[in-house]
Every structure is written in C-alpha cells, then in structure tokens.
Amino acid sequence: MGGKNKLQRFAENKTFGNLFQLQYHQVVKGFENKGKWGRNFFGNNHELILELGCGKGEYTVGLANEYRDKNYIGVDIKGARLWKGLKEARENNLTNVAFIRTRINLIEYYFGKDEVSEIWITFPDPQPNRIKVKKRLTSPWFLNSYARFLKPDGIIHLKTDNIIFFEYTLDIINEMGHELLYSTYDVYKTESVDSPLTQIQTYYEKIWLEHGTKIKYLKFRLKNDE
Ligand SMILES: C[S@@+](CC[C@H](N)C(=O)[O-])C[C@H]1O[C@@H](n2cnc3c(N)ncnc32)[C@H](O)[C@@H]1O
C-alpha cells in the first residue's frame with residue numbers, strides 16, 4: 001500500500017469530520033444522524049445516495065464531483081481504503097460526501113425510513129462458496145435490510161466483474177418480484193464514453209479490465225410491499 005501505512009491512515013482518519021466510525025453499542029443505542037442526514041450533517045435536503053463496499057470510494061467521490069446537488073455516502077469496513085476516498089473528497093472540496101466505516105450488516109442502524117434514493121454496489125466480494133451465499137450484498141437478507149431505508153421508487157445499481165454474482169442477482173430479482181430496469185453483460189460495449197458507468201472506474205475494476213474481464217451492470221427497483 002504505497003505512501004502512508006495503515007496505522008498512519010487510521011490516525012489520519014480520526015481527523016476527517018466526514019468519517020463516521022462508531023462502536024457497536026453506540027450504533028444500536030441510536031445514531032444521531034439516522035433519518036436526519038440532510039438536516040444534521042449536509043445542511044440541505046438533497047437526495048442521498050450510498051455506495052456499499054465502496055473500498056476507496058471511486059463512485060462516491062466521482063459521482064459527488066459530477067452531481068454537487070446530491071449527497072453521497074460511501075460505506076466499507078476497511079478504514080485504510082476509505083482513507084483514499086476521504087483524501088480525494090477533501091482535495092476536491094466536496095462538501096456533499098461522507099463515509100461510514102461499518103459492516104454493511106449494520107447499515108439499517110444508520111438510515112431512516114425512505115431516507116436513501118439510490119444504492120451503488122461496486123465490485124462486491126463474490127462469496128462464491130454456496131455456504132456463504134447469504135453474505136452476498138444482493139442476498140434477500142441484505143435486500144430486505146436496504147428496503148427499510150430506501151425510498152419506494154429507489155434504485156439499486158450493481159457493477160461487477162463476476163458472472164456468478166451477476167446472474168445470482170438477476171435470479172434473486174426475479175424470484176423476489178423486484179423490477180429489473182436494465183442489465184448489460186459488457187458495459188464498455190453497450191454504454192457511451194460519457195456515461196458514469198464507463199467514466200468512473202474503481203480500483204478493482206481496473207484490475208479486472210487488465211485481465212480482459214467483461215464488466216457487467218444492472219439496475220433494479222425493489223418491489224413495494226406497502
Ligand atoms: C472487492 S472490494 C471492492 C472495493 C471497491 N468497490 C472497488 O471496486 O474497488 C469489496 C469491498 O467490500 C467491502 N465489504 C465486503 N463485505 C462487506 C461488509 N459486509 N461490510 C462492509 N464492507 C464490506 C470490503 O472491505 C472491500 O473493500
């Protein structure tokens with residue numbers, strides 16, 4: 001990991017006012033920004049968009065730079081990776097960006113009902129072992145969790161190199177009755193050069209592209225059970 005080592009990054013992370021890394025007991029007791037991110041933190045009522053498993057936060061920072069009238073929060077458990085996104089957001093004076101260091105299993109403690117407009121899931125760990133299938137970020141357990149804070153017309157985007165994960169998600173969307181809005185097996189073939197899907201490349205995406213792997217993308221809307 002070039003430049004600063006992990007411990008230096010962890011130390012610097014404590015100086016960023018837009019990184020939230022709470023203890024478990026603090027989160028479950030009630031997080032002050034839950035349902036109030038606009039009022040408490042961003043100081044506006046703009047749309048809120050999440051990137052889950054954001055790593056270095058390329059989509060969080062890239063989209064926030066492009067769409068200054070929307071708020072973005074990147075979520076990951078790895079603090080040394082988040083440091084990169086935090087630095088970039090600061091260097092670009094992005095006041096519409098925050099990061100949360102947490103396990104995504106706890107994500108619903110951070111957001112209130114209907115608080116989030118969109119979720120990006122970028123190059124998630126594929127969890128290929130069938131025993132670990134519940135850990136996939138598009139498993140029914142996770143989708144039910146996201147439904148607790150996603151707006152009724154909210155959208156989930158998935159960008160991945162992994163065909164098993166991609167087709168698993170297509171199956172789950174179908175089985176759970178969610179609405180598939182769009183899918184492609186090769187983003188760089190189907191999307192224009194000025195689309196965020198081709199303009200913004202993540203750290204893992206670049207590695208897979210070097211291997212010649214086709215990048216897949218889909219977006220869908222959760223079934224509205226109300
Ligand atoms: C393959 S990396 C992709 C990172 C980044 N999106 C990219 O494309 O470069 C998957 C990321 O998801 C995070 N992650 C996986 N499962 C997670 C979980 N349950 N909670 C929090 N982060 C998780 C990992 O820490 C890792 O940074």
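Predicted model: local features only at pLDDT ≥ 70, side-chain atom pairs only at ≥ 80, totals over all residues.

User: Which helix and which strand each supply at least two residues of the lining of the second largest pocket?

Analyst: A pocket is an open set of grid points, and a residue counts as lining if it has an atom within 4 Å of a point. Here, helix 6 and strand 6 (150-160) each give at least two residues to the lining of the second largest pocket. The space in this pocket is about 310 Å³. Its lining has 16 residues, and those closest to the centre are A147, L222, K223, N224 and D225.

User: How many residues of each class does the lining of the second largest pocket have?

Analyst: There are six nonpolar, three polar and seven charged residues in that lining.

User: And how much space lies in the largest pocket?

Analyst: The largest pocket holds about 750 Å³. Its lining counts 32 residues, with G53, D76, P124, D125 and L137 closest to the centre. By class, they divide into 13 nonpolar, eight polar and 11 charged. Strand 3 (71-76), helix 6 (140-147) and helix 10 each contribute at least two residues, and helix 10 gives the most, with three.

User: Which residues form a nonpolar patch on the surface?

Analyst: Y203, Y204, I207 and W208 do, and together they have about 350 Å² of accessible area. A residue needs over 30% relative accessible area to join a patch. Y203, in helix 10 (residues 203-210), is partly exposed at 41%.

User: Now to charges. How many salt bridges does a search of the whole structure find?

Analyst: To read one, look for a side-chain nitrogen of Lys or Arg within 4 Å of a carboxyl oxygen of Asp or Glu. The search finds seven salt bridges. One of them joins E12 and K4, whose closest N and O atoms are 2.9 Å apart. E12 is buried, with a relative accessible area of 13%, whereas K4 is partly exposed at 33%.

E12 also meets K87 in a salt bridge, at 3.5 Å from N to O. This pair links distant parts of the chain, since E12 is in helix 1 (residues 6-13) and K87 in helix 5 (residues 79-91), 75 residues apart.

User: Where do E108 and R148 lie?

Analyst: Their side chains form a salt bridge (2.9 Å, N to O). E108 is in the loop between strand 4 (97-101) and strand 5 (116-122) and R148 in the loop between helix 6 and strand 6, so the pair ties together parts that are 40 residues apart in sequence. R148 counts as partly exposed, at 48% relative accessibility.

User: Which residues do salt bridges that share partners join into one network?

Analyst: That network is made of K4, E12, K87 and R90.

How values were computed
Residues numbered from 1 in each chain as written. Heavy atoms only, no water. Patch = residues over 30% accessible without salt bridge, like charges linked within 9 Å, V, L, I, M, F, W, Y side chains within 5 Å. Areas by Shrake-Rupley, 256 points an atom, 1.4 Å probe, with all protein chains shown as cover. Helix = DSSP H or I, 4+ residues; strand = E, 2+ residues; numbered from the N terminus. Buried < 20%, exposed > 50% of the residue type's maximum accessible area, 1.4 Å probe, protein only. 1 Å grid on protein atoms, 1.4 Å probe; cavity = no way out; pocket = protein on both sides within 12 Å on 5 of 7 lines; lining within 4 Å. Points joined across faces, edges and corners; volume = space filled by probe spheres on them. Nonpolar A, V, L, I, M, F, W, Y, C, P; charged D, E, K, R; others polar.
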